[in-house]
Amino acid sequence: MWLNQFLVLSAVLFSIGVYGVLARRNGVLVLMSIELILNAVNINLVAFGSYVQTVVGEVFALFVITVAAAEVGVGLAILLLLYRNRRSVDIHDVDMMKG
Amino acid sequence: MQDFLNGWGLTLVTFVPMLGALVLLAIPKRNEWSLKVVALGSSLLAALIGVFLLSWFDTSRAGDLQFVVDKPWIETINSRYIMGIDGISLPLILLTLLVVPLCIVYSFDHFPEPRNPKSFLTLLLILQTGMVGTFVAQDLILFFVFFEIVLLPMYFMIGVWGGENRRYASIKFFLYTLFGSALMLISFLAMFFLADGTLAGLDAVRTFDMRALSGGATAAIARTSQVWIFAGMFLGFGVKVPMFPFHTWLPDAHTEAPTVGSVILAAVLLKLGTYGFVRVAVPMLPEAAAAWAPVIGLLAVIGIIYGALGCLAQRDMKRLIAFSSVAHMGFVMLGIATLTPFGVNAAVFGMVAHGLITGMLFFLAGSMKERYHTLEMSRLGGLLKQAPRMGWMLGFCVMASLGLPGLAGFWGEFPAILASYSPAAILHQGVFRAYMVIAAVGTVLAAGYLLWMLQKTAFGKARKEFANSPDIKDVKRHEYISWAPLLVLIVVLGFYPRLLHEATDPAVRESLEVPSIAGSAQDCLDSDDGWTCFDERRTEIKQTQGN
Amino acid sequence: MGLLGAFATTPAVFAAEAGAEVVKAGGWFLANAWLIPLIPAASFLIILLFGKRMPRGGSEVGITAVAASFVLGLLTLVQWIGAVNAAGDAAVSPAISKWTWWISGGTSFTIGTLVDGLAVALIFVVTLVSLLVHIYSTDYVAGDVRYTHFFAFLSLFTASMLFFVLSENTIQMILGWEMVGVCSFVLIGHWWEEKANSNAALKAFLTNRVGDIGLLIGMAILFFAADSFSVVKINSLAAEGSIAHGLLLAASLCLMAAVMSKSGQFFLHTWLPDAMAGPTPVSALIHAATMVVAGVYMVARLFAVFFEGLAIAGSSVNALAIMGGITTLVGASLAFVQTDIKRVLAYSTISQLGYMVLALGVGAWTAAVFHLFTHAFFKACLFLGSGSVSHAVHSFDMKKDMGGLRKHMPHTFRTFVIASLALAGLAPLAGFWSKDEILAGTGGWGAFGGTGGNGAYTFVLFMAMLTAALTAAYMTRCVYLTFFGTYRGHGHPHESGRRITVPLWILAVFAVGAGWTNLPKGFQIVPKGWREQFGHYVEPRAAEGFYFPHIAHATPSWTLAAFSTLVVLFGLGAAYYYYFVKVRALGGSATELPNGLTSRFRIARLGHRLLARKYYLDHLYTDILAKGTAGPVARGAYWLNQRGIDEVVNQAGRKAVSAGHVLYDKIDQKVVDGVVNATGRASHGAGEEIRRMQTGKVQQYAGVMFVVAALIAVVLILVL
Amino acid sequence: MSVFSLLVAQNVVFWVIAALMVFAALRLVTTRNVVHAALYLVGVLGGVAALFLLMGAEFVGITQILIYIGAVIILFLFGIMLTRTRIGDEEKTDHRNRLGAILAGLAVAGVTIYTVIAGFGDAELGADTRTTTAEVSDSIFSQYIIPFEAVSVLLLAALIGAIVVARRE
């Protein structure tokens, strides 16, 4: 197997994720796209780990999975709060950071 | 003792203010007195340790790094905790260690609105750690971290304690410098990947060790790559300097910043940029520096003229002083652009002189604002009548700033002009001579705007609106204490420039030397056929690499 | 080795190239001349710090210090004369003491003193005039609010000027040059409460700064050409032709710009008349006797550079001579139309400085330095005299507030007249001898049977002759308006006190006798040992590899002296006739003839009727010469001066300011800054711009971030 | 069965999985039905798990299935329900102007794909790339013990944070 198979696939998934993050208005969908990006990164980590014959890649992938889980938890909690206050999860409406 | 000197001495100097800041956080807000004492104490302690340490500095080998500490730090990217100083960092560290306590003394009883001494002093101390750290760091990542630490306290200082437009100014300052340093980081990374540490005697190929990078590790990088990498650093440091046309954050930041903020900004922060050029950009990439030198020189002289003309258009005194910084830093950059030891020496001197003089001018402007509640020059006048000592000090600083011989400013300005008559041989002489003439014209304009300012503010009779103002008093005690050292130093350095050159000269020569197995970069810079020389050097090094 | 070890090196008395004909000048005073400027410098600090608490406000310190310097200077002078005498026919190399000041990039900057005849002569002039001015000032500025400060800066000025004069290298010259400029700035603006005074101070400083560009660049060129800052080294290399002629030419042209501003040469001279806003003693010391001759001194100091650079030898015209020639004429003609007595003297100073520069331009080195020497005394005397007058009448306006003062102020009157005659150049007063040597030095006088000189500068000779006539005329006018006729001012003028008159008399004595130090070679009446003594001790003998060029000396002739005296008498007589006869006939309070030049001029234009007039000579003298010069020509020149050249200067300043405004308002704030805030123009003030950039839309931020990251990656790919 | 054919078999499996993943991912970012999107996400995550197994990272693969498909997706579904997003097609899932997003995606894709191809053009994975769970655990609990603890604290913080944020007053 070529290393590149995995890397390119990962790059494609990553880019699709980027598109999703930018194009989606629904907060839940944006979060999903972020998951996509994180998984693409995981593929990379594991692929490189196998390539250089080390376990470190997997260890980091595990960490990423953990962090991703935490991120989804907090992210959904924020969306929930947002929904409660605004009756919408449309990110387009969120511009409270406007200076 | 050896342990102190060559081990944790520099670390202590760098982090004592940070410790002070931590202690401050633990003291409740209402204990103002203890807050101030702790802040002043820790900055003075840092200064004392610093002076004690630096008194062991061996000027006879000022070109070498001294008090070096070298410990593993982030092993995965081979970044190490390296600190050390040579003759270039020495004066700048001393300047920082001097200015911060003076600033604390100055604001001891008058914190700018909205007061809050606790946060103010904390930020000041963090700022000090960042500034000193930048000057002692000898590892690019460490350097970068300190370089960035400086940013936040300053941002808050302008944004919280600033004038009316403070939010705009602070955000502009922040974004501008952040943008520059992002590009700079990329350049650092690129150098990390491209340089070969083994050429400089290291075991590892990839390194952030500044000693190795400025000691020939970069000699094998292709010229195009060097030029690109330099461009990134150029932006990063150029914004900080600030060079024309990246200067527009400066007048806003200065105008809005509280007095102490302005002083630190002028005295030390701007020097981070020029120090970066002298310490990082030029010695690490001498070839790219030679390629960029005409551009740097051009922007420098444009800055000189442009800054001066900008000054002539100002109505606000503080803004005028801010603009004059653009012009003065132009002289510093011109000195660096010549790529000769003479010019770089002038630049280092110029940095210190500008720090002292412009810092002092900002102090004066701040105190005048306190008294007159405005710095609108058309409303001021007769300072010499109402507060004669202050008027005299203003006149003195104006003279120093316009480069009067016998005061510190001259030795930064005139040698820079002199050096650009005969830049490094690799550079085009005619171009630099043209720069010299333009820079010389700049000195006239400098005299013009500074004297004009002096006339407007100090001469003449007191204005009616301020004639009986009870606020207008002559120099007060805390002002004396915080100003006297600066004033004395301006005179001392003016009469005795050797004090500085003793330290800087060997270090500057060392920094331009950039040795390698195939001859030093200085030789190539000094040769008429410099580009070929660099090419041959590279080819030779690559061959040995191949073996 | 610590940071503080600079002065550890011992002073070394420097020997010039040890040729057979060069001997070293030695002696304690010659080697320790650094004390001479150091004493007034110390006095400056003492007065500044403690002066207010002293019984006489610090003036006593100043006077003591300058007196000490004067004595030291005298002793140095004596030792120098001894050294020259001991050397016999050999050339004497200057006594040099120097220390390394600092080192940068392998170049060492030294500081030290160079004592030779030129320096000694200048030290004598500076310390003597300064001492007299100090004494004079204790009366003149008595009761002034900034009495102490005034003396402090007089001391500083004296120190700076002496430092400049004793410069061992060009860096020191620049230092001294700038320092005297600052002192001049401070002292012109002494009464800075008035806007006009601070304006004059600013103008003086800025005009000088313009010239300083030339100084900085010229010195830079010389430094790199000679690889040294040393005056001796630069001069010897230039004299032996080791430096490319092009470089020398460029350097001397650049330095000429500096001379132009500092020594008030055409067309950067306009600051000098304005500088009269300062107190009169300052005008006497700084703007007549010493500081303004700094430019002349610099040319004399680096004469080899100019001599070779401008190819003075064997030529009949060069930039320096022309500059001096034009200046001397312009100054003299402008002096005619002034009503302010100090301005008359200021223009006269410009004219005389032009004379000196002209002399240097034709290679008459000794004559120029000699004229500098004599001029210092009689011009200082004139200025102090005018100060004494204004002290009595509280005004400087000759037409409105003076007249008839000879009865009220006999001492002032006598000294003023002596000095005026000296300035006019009547034998045997000082001005005659120095002026005559300059005329001889032009070498352009073949018709009068002289020989020698560096070239045939006939045109320059013509200008100098014309100036001599004009000088005699305007001084006559000045004397008449001030001291003759009837008193037109207010109150009862009375003679000034002794602290004023004694310095006047001392200077008057020098105005008479200073010229006898250099009686011409052909002046057979006196014994040989009295002739050309000044030149003998001041001018370095040219020797191989020496720091002085081989200049050719002219032999003065009796015919030339007689002719120039005639010219002076002619000018004097014409003015005398006009004022003392014609104007006086109208009554004591008349100052000019009432029937104006316009009617006369119409007659003159008609031409043929002019010949028929009874007062043909009268017309010629009064209308065409005196009044014509004082009228349309001078007025025109003055107009040109004020509106033309001065306007250019002022306009340049104003234009710079407006350029600054345009640049700042239009470009800096709009373009450069605008690029930064490119997301939109501010509609609600500048803060709004950044606000708009911050849309608060997270996704936009994210998008920008991704795109930028991709771009950065592209850059990295390209680089790596 | 030769090593070569094994490789071929592996390759076939890879390409099938890859195609499915890309399809699922594309649908994930284009579908208008939020619940469908969640299901597509399951597809992608499952594919990733399969790839992990294919590369011999068995522990990570299993964890992937357990945590993602077992927990994260459930979390998403709860989120969808709690925020009462319409189950079924929705109008306003996307921005009207997606050109910028497409360009950004393409830019990132271009750069990254170019980089990996240029950088690892002919690098091959070894024949035996398997790592055992024991190796992974050894590594985590010795060399990476501090990051591990940090992640634990992070999870705890996230747990508390999520509760605090989402809690009704």
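Visitor: How much of chain D is made up of buried residues?
Guide: In this predicted model, buried residues make up 28% of the 169 residues in chain D.

Visitor: And what secondary structure does chain D have?
Guide: Chain D comes to six helices and zero strands, so that, by the definition of helices and strands used here, its elements read α-α-α-α-α-α from the N terminus on. Among the contacts in chain D with a separation of 6 or more, 57% are between residues 24 or more positions apart.

Visitor: How many residues of chain A does chain D touch?
Guide: There are 62 residues of chain A in contact with 74 residues of chain D. On the side of chain A that touches chain D, the elements giving two or more residues are helix H1 (3–23), helix H2 (27–51) and helix H3 (56–86) of chain A, and the largest share, 21 residues, comes from H3(A).

Visitor: What classes of residue are on that side of chain A?
Guide: The side of chain A that touches chain D divides into 44 nonpolar, 13 polar and five charged residues.

Visitor: What about chain D and chain C, how many residues are in contact there?
Guide: Seven residues of chain D are in contact with seven residues of chain C, and the side of chain D that touches chain C has five nonpolar, two polar and no charged residues.

Visitor: Switching to chain C, how do helices H6 and H7 cross?
Guide: The axes of helix H6 (residues 170–188) and helix H7 (residues 195–226) of chain C come within 10 Å and cross at roughly 175°. Because angles over 145 degrees count as roughly antiparallel, H6(C) is described as roughly antiparallel to H7(C).

Visitor: Which residues meet there?
Guide: From H6(C) the residues include C:Trp177, C:Gly181 and C:Phe185, and from H7(C) the residues they meet include C:Ala204, C:Phe205 and C:Leu215. The residues of this contact between H6(C) and H7(C) divide into 12 nonpolar, four polar and no charged.

Visitor: What joins E1 and E2 in chain B?
Guide: Six bridges join strand E1 (residues 66–74) of chain B to E2(B), and the two run antiparallel, with B:Ile74 opposite B:Ser79 in E2(B). This hairpin has four residues between the strands, and B:Asn78 takes a positive phi near 55°.

Visitor: Is E2 of chain B mostly covered or exposed?
Guide: Strand E2 (residues 79–85) of chain B is mostly covered, with six of its seven residues buried.

Visitor: Last topic, which residues touch the most other members of the largest nonpolar core?
Guide: Of the 466 residues in the largest nonpolar core, those touching the most other members are B:Ala281, C:Val296, C:Leu360, C:Ala368, C:Ala380, C:Cys381 and C:Ala511. Helix H14 (residues 341–372) of chain B gives the most to this core, with 19 residues.

Visitor: What is C:Cys381 in contact with?
Guide: Leaving aside neighbours within four places in sequence, C:Cys381 is in contact with C:Thr415, C:Ala419, C:Leu504, C:Leu507, C:Ala508 and C:Ala511. There is also a second, separate core of 82 residues, which includes A:Val21, C:Phe706, D:Ala37 and D:Ile80.

Terms used:
Residues numbered from 1 in each chain as written. Chains lettered and ligands numbered in written order. Predicted model: local features only at pLDDT ≥ 70, side-chain atom pairs only at ≥ 80, totals over all residues. Contact = placed C-beta atoms within 7 Å. Nonpolar A, V, L, I, M, F, W, Y, C, P; charged D, E, K, R; others polar. Buried ≥ 20, exposed ≤ 12 C-beta atoms within 10 Å, placed from the backbone. Pairing = 2+ DSSP bridges. Axes fitted to C-alpha atoms, helices over the stretch in contact; angles between N-to-C directions. Parallel < 35°, antiparallel > 145°, perpendicular 65-115°, else oblique. Core = buried A, V, L, I, M, F, W, Y, C linked by C-beta atoms within 7 Å.
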